[in-house]
Amino acid sequence: MHETNHVNWSPRSTKEATVKAAIVEAQKSFGGVDSIVLNAAVNLPIGSLEALPLDGWQQMFDINLFGVVTFVQGAIPALRKSGNARIVLVSSEAANLGIPGMAAYSASKAALNSLNRTIAAEELGITSVAFHPGAVRTE
């Protein structure tokens with residue numbers, strides 16, 4: 001059986017120091033960082049494009065995109081050392097669809113998909129994928 005080693009990190013903080021601490025912990029515990037899986041998302045508040053206040057958009061982008069960007073930026077130096085690095089970004093089919101009331105969420109996930117393409121173009125030694133798991137019921 002394959003043993004999986006991981007470090008948990010909360011995307012609710014985009015502070016670089018938090019990310020650096022998580023990377024250092026992984027390097028100390030496991031001897032390096034071979035992969036990161038970033039499953040950061042909120043889909044609330046929901047509201048029409050006209051009605052959703054800007055702070056609702058900012059909250060979604062802070063978690064769904066900027067938390068991921070912060071972690072990727074902090075992890076890239078360690079991932080480059082791996083020689084076989086992987087980045088997995090959990091996106092959403094909403095990035096490709098127009099869903100009433102979900103403009104901010106959809107836009108944040110579309111931006112995540114674009115980030116994934118940029119990582120792939122810039123970091124040739126790191127395989128980066130974004131996948132869309134479909135609707136997931138959470139509490």
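Start by selecting Glu-16, Val-19, Ala-22, Ile-23 and Gln-27 in helix H1, which meet Thr-70, Phe-71, Gly-74, Ala-75 and Ala-78 in helix H2. Contact here means heavy atoms within 4.5 Å. Helices (H or I, at least four residues) and strands (E, at least two) are DSSP runs, numbered from the N terminus. The contact of H1 with H2 divides into six nonpolar, three polar and one charged residues. Ala, Val, Leu, Ile, Met, Phe, Trp, Tyr, Cys and Pro count as nonpolar, Asp, Glu, Lys and Arg as charged, and the others, Gly among them, as polar.

This is a predicted model, in which local features need pLDDT of at least 70 and side-chain atom pairs count only at pLDDT 80 or more, while totals for chains, interfaces and linings use all residues. Residues are numbered from 1 along each chain as its sequence is written, and side-chain values use heavy atoms, with hydrogens and water left out.

Show H1 (residues 16-30) together with H2: their axes come within 9 Å and cross at roughly 35°. Axes are lines fitted to C-alpha atoms, for helices over the stretch in contact, and angles run from 0 to 180 degrees between N-to-C directions. H1 passes H2 in a right-handed crossing, that is, the near helix is turned clockwise from the far one by less than a right angle.

Next, select H2 (residues 54-82) and H3 (residues 103-122), which pack at an angle of about 15° with their axes 8 Å apart. H2 and H3 are therefore roughly parallel to each other (angles under 35 degrees count as such). On the H2 side the contact residues include Trp-57, Phe-61 and Val-72; on the H3 side they include Tyr-105, Lys-109 and Ile-119. By class, this contact of H2 with H3 has 15 nonpolar, two polar and one charged residues.

Three of them form an open sheet in the order E1-E2-E3, with parallel pairing; two strands pair if DSSP finds at least two bridges between them. The edge strands are E1 and E3, each pairing on one side only. Bring H2 back: this helix packs on the sheet, touching E1, E2 and E3, and its direction makes about 165° with that of E1.

Select E1 (residues 35-38) and E2 (residues 85-90), which are joined by four bridges. Within this pair, Leu-38 stands opposite Leu-89 in E2. The chain crosses from E1 through H2 to E2 in a right-handed β-α-β crossover: with the strands pointing away from the viewer, the path from the first strand over the helix to the second runs clockwise.

Finish with E3 (residues 126-131), which pairs with E2 over six bridges. Leu-89 has Ala-130 as its bridge partner in E3, and Ile-87 stands opposite Ser-128.

Technical notes
Parallel < 35°, antiparallel > 145°, perpendicular 65-115°, else oblique.
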